[in-house]
Amino acid sequence: MSKIVRTMANILILFVLTFSLYIIMHGHLTPGGGFQGGAVFASGIALLIVAFGSDNIHKSLKEHHLSILESSGALIFIGLAFGGLATVFFYNFLVGSPIFGHIPPAGPNSGDLWTGGVIPFMNLAVGLKVLAGLSAILLVMALATTTMEVEE
Amino acid sequence: MRKFAMVASLSIFIAFLIAAAFLIHPFGYPPSEMDDYIIENTQNETGANNAVTAVVFDYRGFDTLGEATILFTAVTGVVMLFRRKKREK
């Protein structure tokens, strides 16, 4: 694309990725969570692909690295689910513990980040999984379309 | 015979519809007590202020595992479909 689009993408990608990480990390306090934040991250990758072309992105972002990231996210998620197996599958075993175990006061309040038990970790795992998976889909599809154009 | 079966099935269907119309919950009334329980106990049991996230990742975590599996299968299918052949030179 033109130089204007590339410059604006360079500026905007910072805010898009920061916002996506904010949505993932604050999933237990504000609307959002792993799925939504991962989708925002993948839309940032889509902006990069549109602005710079998929071949330039593919130099620094390989799809097998994204696949490894996605699988590790799924493994962390299932591992956290098995962590509560002493009581029941998907039991929230970190509530009341020193790590993310602060219980907020009852009723409507703004809360703080240090709450939620395993929910922030699960948000991180699902966010990692969704951002890697959707980015891999976008990258692979963009690469396939460009190679088709070249072969024609 | 076909007409008789059609009329019988249709009358049973309409009977259930009329019964449902009389037995339905009043408008705006929750069909179960589960939402009151979740709203009251989310902050004590999960420590999360966002009740929706608490339902998605704690009370119904198994459902989220299924969603993640669906995404994993979709990504696997797309990457397999669009894999690039190695150029033979």
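Predicted model: local features only at pLDDT ≥ 70, side-chain atom pairs only at ≥ 80, totals over all residues.

## Confidence

Over chain B, the mean pLDDT is 86, and 94% of the residues reach 70 or more.

For the complex, the predictor reports an ipTM of 0.82 and a pTM of 0.81.

## Overall form of chain A

Chain A contains 5 helices and 0 strands. Read from the N terminus, its elements follow the order α-α-α-α-α. Chain A is more spread out than a compact globule, because its radius of gyration is 19 Å, well over the 15 Å that the globule rule gives for 152 residues. Taken along the principal axes, the C-alpha atoms of chain A fill a box of roughly 60 × 30 × 20 Å.

Buried residues make up 41% of the 152 residues of chain A. Among contacts in chain A between residues at least 6 apart in sequence, 70% join residues at least 24 apart.

## Helix H2 of chain A

Does the length of helix H2 (residues 34-52) of chain A agree or disagree with its number of residues? At 1.5 Å a residue, its 19 residues should span 27 Å, and the end C-alpha atoms are 27 Å apart, so the two agree.

Just after H2(A) comes Gly53(A), which takes a positive phi of about 90°.

## Contact between chains A and B

The contact draws 39 residues from chain A and 24 residues from chain B. On the side of chain B that touches chain A, H2, helix H3 (51-59) and helix H4 (61-81) of chain B each supply at least two residues. Which of these helices gives the most to that side? H4(B) does, with 10 residues.

By type, the residues of the side of chain B that touches chain A divide into 13 nonpolar, 9 polar and 2 charged.

Note on methods. Residues numbered from 1 in each chain as written. Chains lettered and ligands numbered in written order. Helix = DSSP H or I, 4+ residues; strand = E, 2+ residues; numbered from the N terminus. Expected span 1.5 Å × (residues − 1). pLDDT = per-residue confidence, 0-100. Rg over C-alpha atoms; globule rule 2.2 N^0.38 Å. Buried ≥ 20, exposed ≤ 12 C-beta atoms within 10 Å, placed from the backbone. Contact = placed C-beta atoms within 7 Å. Nonpolar A, V, L, I, M, F, W, Y, C, P; charged D, E, K, R; others polar.
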